[in-house]
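Subject: Model for your files

Hello,

The structure is pasted below. My notes on its charged residues follow it.

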Amino acid sequence: MPTQISESEQQQLIEKLDIFRIKGRDKRGRSILRIIAKFFPARIVSVDALRKYLEEKIFPALEKKPFAVLYVHTGVQRCENFPGISAVRSIYDAIPINVKRNLEAVYFLHPGLQARLFLATFGRFLFTGGVYGKLKYVSRLDYLWEHVRRSEIEVPEFVYDHDEDLEDRPMMDYGLESDHPRVYDAPAFDSPVSMYSMRCIS
């Protein structure tokens, strides 16, 4: 349940947190809507406030030409940053038809196992009009730069840090290794978690 602050204050908070920004282009010259999901305060912001913010600040700039979305999933915690399935569907349904037509690609950076399973199960039902087919999973920043012009996109430092962690412990990509702090610096093959990971893939 969102904290009781006014709708205008919620919209100001969305603006201040810089969750949504239209800036930069991909390698095909399309404008990019960058979304930093970790910054979204799901406990404070209502679906109505978010929808109104998007309708006033974001959608009008996307109605006239093709664009791509860079969705940065890094660091998302379901209880903190995810508004819920019904909210996502409600927001998606509110997107103007011209904006949906102009959306040509969604780059989903750092998808975890749960996100992949969720989208594989519900994606086609939640996102109609072929949007699900435009989704491209991007497991590392190096792969993102194959699609997006690096010099034109600002990515928070924690995204680079997480990318380095994934390089050192690739089983985190598939949920086979924990990112819990207690095993964070443990040797790769000495921890029980890692041994379990190896058994899972053998």
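E157 sits in helix α8 (residues 157–168); helices here are DSSP runs of H or I with at least four residues, strands are E runs of at least two, and both are numbered from the N terminus. At 55% relative accessibility E157 is exposed, where exposed means over 50%, buried under 20% and partly exposed in between (1.4 Å probe, protein chains only). E157, D161, E164 and D168 form a negatively charged surface patch (residues with over 30% relative accessible area and no salt bridge, like charges joined within 9 Å).

This is a predicted model, in which local features need pLDDT of at least 70 and side-chain atom pairs pLDDT 80 or more, while totals for chains, interfaces and linings use all residues. Residues are numbered from 1 along each chain as its sequence is written, and side-chain values use heavy atoms, without hydrogens and water.

The count of salt bridges is 13, each being a side-chain nitrogen of Lys or Arg within 4 Å of a carboxyl oxygen of Asp or Glu. One of them joins K52 and E7 at 3.7 Å, N to O. K52 is in helix α2 (residues 47–58) and E7 in helix α1 (residues 7–17), so this pair ties together parts 45 residues apart in sequence.

R21 pairs with E154, with the closest N and O atoms 3.2 Å apart; R21 is in strand β1 (residues 20–25) and E154 in the loop between α7 (141–144) and α8, 133 residues apart. E152 and R25 form another salt bridge, at 3.1 Å between the closest N and O atoms. E152 lies in the loop between α7 and α8 and R25 in strand β1, so the two tie together parts 127 residues apart in sequence. Through shared partners, salt bridges join D18, R21, K23, R34 and E154 into one network.

Regards

Key
Patches are made of residues with over 30% relative accessible area and no salt bridge: like charges are joined within 9 Å, nonpolar side chains (Val, Leu, Ile, Met, Phe, Trp, Tyr) within 5 Å. Accessible areas come from the Shrake-Rupley method with a 1.4 Å probe; for residues, only the protein chains shown count as cover. Lys and Arg count as positive and Asp and Glu as negative; His and the chain ends are not counted. The place of a charge is taken as NZ of Lys, CZ of Arg, CG of Asp or CD of Glu.
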